Amino acid sequence: MVPASASIGHQISLQVALRRLSAIKAYSGSFPSSSLSLSTKGTKMSTPSENRQPAPWRDILDSHLQQTPGYEFTIATIGYDAQQRPVPRVRTCGCRGFFPELELHPKGQEAMDQQVEGGGNPPVFESDMLSFTTDARMDKLPQLESSGHAIEAVFWLKDLMTQWRIKGTAYAIGNPSGEDAEEEKISRNEIRKALRVRGDNDSDIAKWTWEKAVTKYFANHSPVARGSFRNPHPGQPRSSTPNQLDLKLGQKVLDLHDSVARENFRVVVIRPEEVERLDLTDQEDAKRWNWTLIDGNDGSRWNEVELWP
């Protein structure tokens with residue numbers, strides 16, 4: 001007889017696999033043939049077929065974040081318990097700004113100049129998508145995959161008395177196997193749909209690669225923070241012995257291509273579908289706005305509505 005725990009584990013694995021398959025089918029059916037394509041190796045970007053305008057809320061949020069040094073946001077994903085009931089999972093993450101427009105600190109740029117061809121990607125793309133980084137061994141990524149990539153992020157900017165809520169889908173990139181990994185291929189394609197070419201930079205698009213984009217985010221971490229991706233498996237008992245001898249606390253990583261750290265490093269990109277702003281600067285006349293992304297035959301647009309707070 002199969003132990004009950006093994007049976008439950010098998011059911012969970014099967015249901016998670018079915019949810020992932022459904023998400024992949026939904027993705028495949030919605031991917032337009034006119035969308036920009038990758039090169040054979042899946043490393044370079046070609047010209048987007050539609051160059052969307054920036055979202056109407058983007059500059060406002062960007063201005064607020066520029067006024068809030070060291071801003072963080074709260075991320076909510078959907079997990080499943082042993083009975084396959086959906087449960088909310090919430091954590092605080094460091095926001096890395098709009099993808100792929102990360103501005104490196106001087107030490108990070110120095111490392112890129114020394115270790116990456118051309119010092120990184122040319123600044124050809126911009127987007128309305130927010131980003132953060134994570135360890136692939138944590139629960140965030142399987143929760144995203146098993147729930148159709150659903151996510152919600154919230155900023156509470158106390159100095160500005162303003163809350164921002166971003167709902168949408170999130171996709172992780174950075175798998176060293178590249179597009180040989182199915183989830184990496186899906187993530188790149190979904191992120192790619194929402195990229196815009198900046199100005200007249202079409203001639204530089206061929207120089208842009210996903211690998212350099214991810215490496216820039218890795219370079220933005222301090223050597224000690226990069227070393228955290230060589231820590232023992234997050235969440236495991238401290239009494240347990242890591243299965244790799246090179247996994248230990250307190251390491252410093254100077255090599256931007258460190259194979260152990262990069263195996264665990266991921267950039268998560270949030271593609272917004274609904275955004276809300278709550279302004280409490282005047283609590284006698286609080287204001288609230290909602291923007292919802294609408295896809296139509298003439299491209300996507302944002303519908304704006306002012307709400308009662």
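A salt bridge is counted where a side-chain nitrogen of Lys or Arg lies within 4 Å of a carboxyl oxygen of Asp or Glu. The model examined here is a predicted one, and by this rule the count comes to 18 salt bridges.

One of these pairs is formed by D81 and R85, whose closest N and O atoms are 2.7 Å apart. Is D81 buried or exposed? D81 has a relative accessible area of 17%, and because buried means under 20%, D81 counts as buried.

A further pair brings together R188 and E179, whose side chains meet in a salt bridge at 3.8 Å from N to O. Here R188 is buried, since its relative accessibility is 2%, and E179, at 19% relative accessibility, counts as buried as well.

Salt bridges with shared partners also build a network, which joins R58, E101, E126, D128, R196 and R198 into one.

Within that group, the side chains of R198 and E126 meet in a salt bridge, with 3.9 Å from N to O. This pair links distant parts of the chain, for R198 sits in the loop between β7 (196-197) and α6 (210-219), whereas E126 belongs to strand β3 (residues 125-126), and the two are 72 residues apart.

Conventions: Residues are numbered from 1 along each chain as its sequence is written. This is a predicted model: local features need pLDDT of at least 70, side-chain atom pairs count only at pLDDT 80 or more; totals for chains, interfaces and linings use all residues. Side-chain values use heavy atoms; hydrogens and water are left out. Buried means under 20% relative accessible area, exposed over 50%, partly exposed in between (1.4 Å probe, protein chains only). Helices (H or I, at least four residues) and strands (E, at least two) are DSSP runs, numbered from the N terminus.
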